[in-house]
Amino acid sequence: MSFPHRPRRNFIKGTLALGATVAFPAIAQDKYPSRPIRLLCPWPAGGSTDVVMRAIGESFSRQIGGTVIIENKPGAGGILGAGELSRAQPDGYTLSQLPLGIFRLPHMQKVSFDPMKDLTYIACMTGYTFGMVVRSDSPIKSIKELVEYAKAHPDGFTYGSTGTGTTPHLVVEQFARRAGIKLLHVPFKGNADGMQALLGGHVMGHSDATGWASAVEAGRARLLATYGSKRTKRWPNVPTLLELGYQTVSDSPFGIGGPKGMDPALVKRLQDAFKKTLEDPSVIAVLEKFDQPIIYMDSAAYTKFAQETFKEEKETVESLGLAKAS
């Protein structure tokens with residue numbers, strides 16, 4: 001999916017909310033925020049996550065009463081934001097989107113951070129709807145036909161994703177393993193360049209979040225299956241991999257994090273401000289555009305989720321034979 005070009009850094013201005021002063025007098029007296037807050041988006045500008053993060057950032061600037069800079073840091077499967085948090089001061093001026101991959105990739109390769117020691121989990125926000133799309137003129141019209149083609153042409157079906165080790169990659173690898181087929185994976189930095197490659201005929205399929213939605217609705221791409229635990233409201237006629245019998249599911253929640261050692265009072269203020277963004281009609285409209293459900297968790301619940309997911313992802317990586325050498 002492509003969007004008009006946006007500057008790499010987008011300054012979003014907000015005004016100080018009276019409610020913040022009343023609810024958090026100690027923090028307000030400390031004049032936070034007294035300078036711009038960097039909200040990192042570890043995906044390219046123009047993709048679906050970038051659009052969602054800009055909507056959240058604009059609303060968050062109003063809720064927190066300051067200026068928010070959305071800064072894109074694409075590449076490395078979406079973990080560059082977490083890496084930067086591990087080196088940042090815990091003062092609330094550097095925050096980042098945290099995709100599910102931050103719990104997985106440390107089991108697969110050497111990374112610059114420890115997700116259990118180097119981060120503060122502020123709030124879980126939403127989750128992705130993932131799916132596999134092909135071009136509308138593709139002879140493959142269903143997952144059944146994809147499996148048949150792949151069995152006849154091992155490694156002949158090429159598909160893109162947002163990077164090696166990301167959820168859109170590993171879900172397909174799980175599916176392929178259970179279907180008894182071999183597919184050829186082509187990693188991209190994000191949705192925008194992956195969809196460009198698909199529509200340009202450079203790959204046969206693309207596995208990703210709903211950045212492909214506009215192409216599907218415009219008739220340029222065909223959605224073969226989604227990966228959630230149930231069918232989507234937006235594409236109720238499209239089956240899930242689970243119901244097709246492949247025992248493959250991913251709802252993939254993501255949230256906002258900061259560096260380790262943040263003041264609990266500041267974490268609560270940030271957590272509550274992000275919660276309010278999920279009540280903002282402008283944010284809700286963007287989430288609905290990409291078929292992303294609201295999956296809110298406060299800091300305590302999100303931290304527990306992170307701990308449990310880190311262990312679960314280790315088991316998944318090991319089951320696929322992708323664990324890094326010890």
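Predicted model: local features only at pLDDT ≥ 70, side-chain atom pairs only at ≥ 80, totals over all residues.
Leaving aside neighbours within four places in sequence, which residues is arginine 104 in contact with? Residues are numbered from 1 along each chain as its sequence is written, and side-chain values use heavy atoms, with hydrogens and water left out.

Let's start with the whole protein. You'll find 13 helices and 12 strands in it; these are DSSP runs numbered from the N terminus, with helices (H or I) of at least four residues and strands (E) of at least two. The C-alpha atoms fill a box of roughly 70 × 45 × 30 Å along the principal axes. The radius of gyration is 20 Å, which agrees with the value near 20 Å that a compact globule of 326 residues would have. That radius is taken over C-alpha atoms, and the globule rule is 2.2 Å times the number of residues to the power 0.38.

Buried here means under 20% relative accessible area, exposed means over 50%, and partly exposed is in between (1.4 Å probe, protein chains only). Of the contacts (heavy atoms within 4.5 Å) with a separation of 6 or more, 78% come from residues 24 or more positions apart. The protein exposes about 14,100 Å², and carbon and sulfur atoms supply 53% of that; the areas come from the Shrake-Rupley method with a 1.4 Å probe, and for residues only the protein chains shown count as cover.

Now back to arginine 104, which sits in the loop between strand E4 (94-98) and helix H5 (105-108). Arginine 104 counts as buried because its relative accessibility is 4%. With those sequence neighbours left aside, its contacts are Gly165, Thr166, Thr167, Leu170, Glu313 and Val317. Two of these partners come with polar contacts, meaning a pair of N or O atoms within 3.5 Å; within protein, one must be able to donate a hydrogen and the other to accept it, and residues adjacent in sequence count only if both atoms are side-chain atoms. A polar atom of the arginine 104 side chain lies 2.8 Å from the backbone oxygen of glycine 165, and the side chains of arginine 104 and threonine 167 are joined by a polar contact of 2.9 Å.

Thr166 also turns up in the surroundings of serine 161, along with residues including Pro168, His169, Phe188 and His206. Serine 161 belongs to strand E7 (residues 158-161) and, at 0% relative accessibility, counts as buried. Its side chain makes a polar contact of 2.7 Å with the side chain of histidine 185.

Finally, a few backbone details to look at. The peptide bond from tyrosine 32 to proline 33 is cis, with omega near -5 degrees, and proline 33 is in the loop between helix H2 (25-29) and strand E2 (37-41). Glutamine 247 is not a glycine, yet has a positive phi of about 50 degrees; look for it in the loop between helix H10 (242-246) and strand E11 (253-259). Aspartate 291 has a positive phi too, near 55 degrees, in the loop between helix H12 (281-289) and strand E12 (294-297). Buried or exposed? Glutamine 247 is exposed, with a relative accessible area of 56%, whereas aspartate 291 counts as buried at 15% relative accessibility.
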